[in-house]
Amino acid sequence: MEKFQVTILKPDFYDRFHCLGGLCHDNCCTEGWKIFIDKKTYKYYHNLHQPKELAVRLKKYITRYKDDPRAWGIIKYDNDGKTCPFQNEESWCELQLSLGEKYLSNTCREYPRTKNLFVDDKTAQYSLSSSCEAVLRLFLEEKEGIGFIEEKDEIMRGTVFSGGIDQGILTRRPIAAHWQTIQYAGIDILQNRQYTIEERLIILGLLCQKLQVLEDNNRIDEVNWAVKGLINALKQNNEQELLTVLPKAKLESHLLFYEKLFSNVALIITLKEKGILKTLATNIDWQTDWTFQQGKKEKSSAQWEINNQITNGENSCQRYQKGCLRYQEMMAEKEYFIENLLVMEWFRQLLPFEKETGNIWHNYQWFCGLFMIIRLILIGMLAGDESFGEKELVRVTAASMRSLGHNKNVTLPVVAFLNDAGMDTLAQLTTAINMPDLASL
Ligand code: SF4
C-alpha cells in the first residue's frame, strides 16, 4: 500500500509509553468496549493455524461485523460481558504475548494513542490519552512540564486518524487556518508557571473570548495580533494586577454549584460504576438519590435518563473546606501533574477547535468543565482519605478521565449545563474556576 511522509509533533515522552497490563487498576480490556478488528487483522487471525488452541479461540471469539463502517470484525465477549476473552489470568493480552504487538488490530494497538492529521496531509500530531494510568505515571515524571518534539514519519494511505483540521473546517471557519498559532498559544499559557493553574485557565479564557469575538465579526486578520498581544502582556507580567482582584465565591455557593453540576451531567454513570461517586458522596456528605434508566438515550447527546438528586448534608461545607485545604497542600507539590494533564488534553482534543463541542468559546467552557470536575473529584477524595498520595492520584484521575476525556457525549451536557447555570461569560466562569474563599465559612 502507498505510503506518504508527514512531519509529526508529539510529546517528547511519547515513545516511553508502555501498557502496565496486569498492574493497571482500570485495565482497558475489562471495560466492555466494542473492540473492532480491521480487515487485514481479521484475515490474518482467520488464516492462522498455529498455535492451535489460540487459532480455535480466534475463530470462536472474532466474528464478522457489518454494523459499523470502521470495522470488519469484532471481538465477542462471554462471561461477564466486559472482559476481553483474550486476556489471561495475569491480565495480559494473549494475542500480544503469542503473536506480538504487530499483529494486534488497529484498535488494540492504538489506545491510548491519539493521532490527528492536518489539512495538507503533511502535518500530524500524536498524543496520549490522560485516561490511561501508564500515561499519568509519565505525567508525574515530567516535573518540568511536557516538551514536544518534531520528527518525520511514514504513514500508510488509508490509515484512520482520530481527527484533525480538514478542508471542510477551513471552508466553514476561516479562523481555523490559525489553529497552530492558537493551539501553541494555549500551551504557552497553560505552562506559564508565574500563575496558578486557575489563573492560567482564566488567562486562556481572555484569549478564547477575544478569538470568539474576532470569529463572530469576521475579523480573522486580527488573530495573530490578538494572540501576540496577550502572550507579550504575560511575559511582561501585565495580567498580574488583574488576576489579584479576581472574585472568589463563598465556599457554600461554590459547593452548591458542584452539587448542581454533578446532579445534571451524565458522566456520573461511569463514575458511579467505578465507585468514585460513592466515595465522593460519602466524603463530602452529599445526600444522593440516583435512579438510572439504562438504555433510554436522548437522541443526539446520548445522555442517559437519570433521576439524579444531590443535596448537601449537614457537614458538607466543613468537609469541602477540609478537602480544599488538603488539595491546596497537594498542589503545592503536584500542580505540574494537573498542568501536564491540561496541556495534553488541550493538544489531544485539538482545542479550541474540537468540532463536536461547538465554537471556540464552547470548547473553552468544556475545558474549564473538565478541570473543575477533576478538581472536585480530587478534593472529594482528599476530604476523606488521609493517605491519598501519588498512586491514588493516578488511579482516580485515570478512572475519572475515562468518563471525561473518552466520551464526547459528556462535553455537550457540560457546556449546556454551564450556559444554563449562567456561566456563559468569563466573569461568571471565573468564580467557578477559582478556588472558593476558604475563610468564608
Ligand atoms: S489503561 Fe493503559 S496501562 Fe491500563 S491496560 Fe489500558 S493501555 Fe494498559
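## Aromatic rings

Phe13, Phe139 and Phe337 form one aromatic cluster in this predicted model. Rings of Phe, Tyr and Trp (its six-membered ring) count as a pair if their centres lie within 6.5 Å; planes under 30 degrees apart are called stacked, over 60 edge-to-face, and the rest tilted. A pair of aromatic rings is described by the distance of the centres and the angle of the planes. By this rule there are 14 aromatic pairs. Tyr61 and Phe86 form an edge-to-face pair, with 6.1 Å from centre to centre and 85° between the planes. This pair links distant parts of the chain: Tyr61 belongs to helix α2 (residues 52-61), and Phe86 to the loop between β4 (73-75) and α3 (94-99), 25 residues apart. Helices (H or I, at least four residues) and strands (E, at least two) are DSSP runs, numbered from the N terminus.

Are Tyr61 and Phe86 buried or exposed? Tyr61 counts as buried because its relative accessibility is 9%, and Phe86 is buried with a relative accessible area of 1%. Buried means under 20% relative accessible area, exposed over 50%, and partly exposed in between (1.4 Å probe, protein chains only). The rings of Phe262 and Trp286 have centres 5.8 Å apart and planes at 50°, so this pair is tilted. The pair links distant parts of the chain, with Phe262 in helix α11 (residues 251-264) and Trp286 in strand β9 (residues 286-297), 24 residues apart. Both Phe262 and Trp286 are buried.

## Lysines over rings

A charge sits over a ring if NZ of Lys or CZ of Arg is within 6 Å of the ring centre and within 35 degrees of the ring normal. Lys39 lies over the face of Trp72, at 4.7 Å from the ring centre. Lys115 lies over the face of Tyr126, also at 4.7 Å from the ring centre.

Asn340 lies in helix α14 (residues 316-348) and counts as buried because its relative accessibility is 0%. Contact means heavy atoms within 4.5 Å. Not counting residues up to four places away in sequence, Asn340 touches Phe139, Glu142, Gly145 and Ile146.

Glu142 is found in the loop between α5 and β7 (148-156). With 12% relative accessibility, Glu142 counts as buried. Apart from neighbours within four places in sequence, Glu142 is in contact with Asp12, Phe13, Arg16, Tyr336 and Asn340.

## Buried faces of helices

Helix α18 (residues 426-433) is mostly covered, as six of its eight residues are buried. They are Leu426, Leu429, Thr430, Thr431, Ala432 and Ile433. In the segment after α18 lies Asp437, which counts as partly exposed at 31% relative accessibility. Asp437 and Glu252 are 185 residues apart in sequence, and their C-alpha atoms are 9.3 Å apart in space. Leaving aside neighbours within four places in sequence, Asp437 is in contact with Lys248, Ala249 and Leu251.

The buried residues of helix α13 (residues 276-284) include Ile276, Leu277, Leu280, Ala281, Asn283 and Ile284. Just after α13, Asp285 takes a positive phi of about 60°.

## Backbone features

Most residues other than glycine have a negative phi, and most peptide bonds are trans. The bond from Tyr111 to Pro112 is cis, with omega near 5°; Pro112 is found in the loop between α4 (106-110) and β5 (113-118). The bond from Leu351 to Pro352 is also cis, with omega near 5°, and Pro352 is found in the loop between α14 and α15 (360-384).

Asn218 has a positive phi, near 55°. Asn218 is found in the loop between α8 (197-216) and α9 (223-235), and counts as exposed at 60% relative accessibility. Leu350 likewise has a positive phi near 55°. Leu350 is found in the loop between α14 and α15, and counts as buried at 8% relative accessibility.

## Ligand surroundings

Which residues are around the ligand? They are Cys19, Leu20, Cys24, Asn27, Cys28, Tyr111, Cys132, Ala134 and Arg402, where a residue is near a molecule if one of its heavy atoms lies within 4 Å of it. By class, this shell has seven nonpolar, one polar and one charged residues. Ala, Val, Leu, Ile, Met, Phe, Trp, Tyr, Cys and Pro count as nonpolar, Asp, Glu, Lys and Arg as charged, and the others, Gly among them, as polar.

## Confidence and conventions

The mean pLDDT (the predictor's confidence in each residue, from 0 to 100) of the protein chain is 86, and 90% of its residues reach 70 or more. Confidence is lowest in helix α12 (residues 268-273), at a mean of 58, and highest in helix α5 (residues 133-141), at 97. Over residues 295-306 pLDDT stays under 50, and the model has 27 contacts for them beyond four places in sequence.

In this predicted model, local features need pLDDT of at least 70 and side-chain atom pairs count only at pLDDT 80 or more, while totals for chains, interfaces and linings use all residues. Residues are numbered from 1 along each chain as its sequence is written, and side-chain values use heavy atoms, with hydrogens and water left out.
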